[in-house]
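Hi,

Here is the structure I promised to pass on. Have a look at it first, and then read my notes below.

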Amino acid sequence: MTTTGARLPPHIARILVDPAAYADARIHETYRWLREHQPLGLAEPAGYDPFWVVTRYADLLHVSRNNDLFHNGDRAPVIVDKASDDLIRAMTGGSPHLIRTLIHLDAADHSKARTLAQMWFMPANLKKMEDRIRELARATVDRMLSRDGRCDFVNDVALHYPLRVVMKTLGMPEADELLMLKLTQEIFSPLDPDLAPKLGNDGAVAVLAQAFQSTVQVFGEYFGKLSAERRANPRDDIISLIANARIDGKPLPPEVEMGYYIVIAAAGHDTTSSSTAGAVWALCERPDQFAKLKQSPALISSMVDEAIRWTTPVKTFMRTATADTEVGGQHIAKGDWLMLCYASANRDESVFKRPYEFRVDRSGPTRHIAFGFGAHVCLGQHLARLEMRLLFEELLTRIKSISLDGTPTMTQAMFVNGPKTLPVRFELG
Ligand code: HEM
């Protein structure tokens, strides 16, 4: 690792690993500073292995699309502190992974596993589910509107709807909704004092590893039972598809099979609820944009993409260089760890016109990168867009206005984050 002139100031490096900074304006201020002054700097915060911080759109695209040069699975693909990494390796006999989801796989292992469900998530197949998802959207809006003109949009609406969609997709019983909600929150927000109170945010050693291990174990037991059921009696759902799938003529290794279910259940839910709530928050603060949407419902699709750019719920993923190379003018050595900062790339002034404005009719030559890019690009991106569009089509025809009814809060997390509470007041019509 050549570090001359590349080291980030310690206070900047610290912010990148401070979950609380992701819940207020500090992370975006930091990203803005980085893009301008050190778009590819080396962070060396105490307690973490050093990592490069990729903040510009072009560099993030370059790393994401060169999947042979930048692997997901050689080290942890999400940011973890050194103590957690050490503990995970001790638990697994040297592997940096407690689970093997699509996110953790590379090269042929990844493409063979991803192909199994890829067609299922393509728009042509999703079209067949549209009516069923619209029913869920309508029922969600019915419940919200029965609440006397006020609700907490996150806890009453946004957390439940994408979870119901994803549970239907996977083929999970509705009765397990609250269990799934708890497990996904624990996996994504192990450092948030409200969402994972048993662990806290006191800098306890290896807190991430402990949180992950217990959650993954419960997930594993849960999906193990469902998978056995679907092997015996297959249905038209993803658990049946994966439980009965073959790679090179053999069933999936158990840890890859479990990883498949976990990544779809977890990634398919928290991300979409964050973007949905982020859209409502943005519209509450911008009555002109709300009015524009009411006037031209055809803009709902572009508003959905703008909301996904605006919130960019997946804040970071990590990659590991497989050979010496160069990114953004910096020498990167084989084995170096890189943090991809999606929310920074999506505010890159050299790519997006007025990136700090939320515009329901945003158009332009470049698409946001909130779903990633390359071999690992989000498998559920079409589903996420579809379910958000349907919810907003149902909601916007039935309300006249919506505004904040208190101060919203954000989750404290460095991996996936978004609104935690969003008190709103609305008028029917
Ligand atoms: C707004 C909502 C969503 C956002 C912002 C989002 C974002 C992302 C990102 C950034 C990645 C990694 C991409 C990369 O490394 O290049 C990813 C991967 C993935 N996402 Fe999503 N996601 C969303 C919704 C969903 C949904 C609804 C599902 C499924 C039901 C889903 C399933 C997955 C899976 C399985 C992967 C792993 C793909 C692979 O490694 O090959 N996501 N997502």
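Let's start with the largest pocket: its lining has ten nonpolar, four polar and five charged residues. (Nonpolar covers Ala, Val, Leu, Ile, Met, Phe, Trp, Tyr, Cys and Pro, charged covers Asp, Glu, Lys and Arg, and the others, Gly among them, are polar.) Its volume is about 460 Å³. Of the 19 lining residues, H28, W281, W310, R347 and M410 lie nearest the centre. Helix α14 (270-285) gives the most, four residues, while α2 (26-37), α14 and α16 (300-311) each supply at least two.

Before I go on, this is a predicted model: local features need pLDDT of at least 70, side-chain atom pairs count only at pLDDT 80 or more, and totals for chains, interfaces and linings use all residues. Numbering runs from 1 along each chain as its sequence is written, and side-chain values use heavy atoms, with hydrogens and water left out.

A few terms: on a 1 Å grid over the protein atoms alone, a cavity is a set of points where a 1.4 Å probe fits but cannot get out, and a pocket is an open set with protein on both sides within 12 Å along at least five of seven lines; lining residues have an atom within 4 Å of a point. Points are joined across faces, edges and corners, and a volume is the space filled by probe spheres set on them. Helices (H or I, at least four residues) and strands (E, at least two) are DSSP runs, numbered from the N terminus.

The second largest pocket has a volume of about 380 Å³. It has 15 lining residues, with F352, R362, S363, G364 and T366 closest to the centre. By class they are three nonpolar, five polar and seven charged.

As for cavities, there are three of 30 Å³ or more. Helix α4 (residues 82-92) brings the largest share, three residues.

Finally, three strands make an open antiparallel sheet in the order β4-β14-β11. β4 (150-152) and β11 (399-404) are at the edges with a single partner strand each, so one side of each has no neighbour in the sheet. Three bridges join β4 to β14 (residues 423-428); pairing takes at least two DSSP bridges. D152 has P423 as its bridge partner in β14.

Cheers
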